[in-house]
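Thanks, everyone. I have one structure to walk through today. Please have the sequence and the model open as I talk.

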Amino acid sequence: DVMKGALRGLTEGLDTDSAYLSQEDVDRLETGRPLPEGGVGLTVTRRYYIQVVAAHDGSPAAEAGILPGDFVRAINGEPTRFMSAIEGERKLHGEPGSSVTLSLIRGSTQEPFDIDLVYARAPPVAVTGRILSDPGDSSIGYLRIPGFDEDVVAQILNNVASLSDRGVSH
């Protein structure tokens, strides 16, 4: 236990993407077992606890108001203090229609608050585009690419063409 704690501490000190994985964690990853189809729609990292990087558009987490920077202190009552981001990501997926309870800490609050979420199939990635300045010679377009899947390239090309047709040059 002492050695595992020391190894965990060493890897946590490297960066947010490094984690100590037990043999069980490694075996689970090497089997290539896919995550369940349902999820809550969070991208997470590890900073002392599991920390929210983003809530995906249209996801149960976004609809519940979970914000980037929130700390997930527990998932279904299981503390995330010694949980890797990989394990946290696995626990944020489940069968669509089933539920999960997240205990969150926001900002400088001391007491966590619970949010119940229902796992849902991830909505398709939707690339969006808009004009940042008035149409004209120096119009600037903005593309938001929230994630990558097999349809993203086509969506990017369609959005670029649409913005170009509307006078965007940059």
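Let me start with Gln 51, which sits in strand S3, residues 49-55. Keep in mind that this is a predicted model. Is Gln 51 buried or exposed? Its relative accessible area is 10%. The cut-off for buried is under 20%, so Gln 51 counts as buried.

What does Gln 51 touch, once we leave aside neighbours within four places in sequence? There are two runs to look at. On one side of the numbering come Thr 43, Val 44 and Thr 45. On the other come Gly 69, Asp 70 and Phe 71.

Next, a helix. Glu 87 belongs to H4, which covers residues 85-91. Glu 87 is buried too, because its relative accessible area is 14%, and the limit is under 20%. With neighbours within four places in sequence again set aside, Glu 87 contacts Asp 25 and Arg 28.

Now the aromatics. How many aromatic pairs does the structure hold? One. The rings are those of Tyr 48 and Tyr 49. Their centres are 4.9 Å apart, and their planes meet at 85°. Over 60 degrees counts as edge-to-face, so that is what this pair is.

Look at the cover on each ring's residue. Tyr 48 has 48% relative accessibility, so it counts as partly exposed. Tyr 49 has 15%, so it counts as buried.

Let me zoom out to the chain. Its secondary structure comes to five helices and eleven strands. Is the chain compact or spread out, judged against a globule? The radius of gyration is 20 Å. The globule rule gives 15 Å for 170 residues. The chain is well over that, so it is more spread out than a compact globule. Along the principal axes, the C-alpha atoms fill a box of roughly 65 × 35 × 30 Å.

Some totals. Of the 170 residues, 29% are buried. The accessible surface comes to about 10400 Å², and carbon and sulfur atoms account for 55% of it. Take contacts between residues at least 6 apart in sequence: 53% of them join residues at least 24 apart.

Last, charge. The chain carries 15 positive and 25 negative charges.

Key: Residues numbered from 1 in each chain as written. Predicted model: local features only at pLDDT ≥ 70, side-chain atom pairs only at ≥ 80, totals over all residues. Heavy atoms only, no water. Helix = DSSP H or I, 4+ residues; strand = E, 2+ residues; numbered from the N terminus. Rg over C-alpha atoms; globule rule 2.2 N^0.38 Å. Buried < 20%, exposed > 50% of the residue type's maximum accessible area, 1.4 Å probe, protein only. Contact = heavy atoms within 4.5 Å. Areas by Shrake-Rupley, 256 points an atom, 1.4 Å probe, with all protein chains shown as cover. Lys, Arg positive; Asp, Glu negative; His and termini not counted. Charge placed at Lys NZ, Arg CZ, Asp CG, Glu CD. Phe/Tyr/Trp six-rings, centres within 6.5 Å; stacked < 30°, edge-to-face > 60°.
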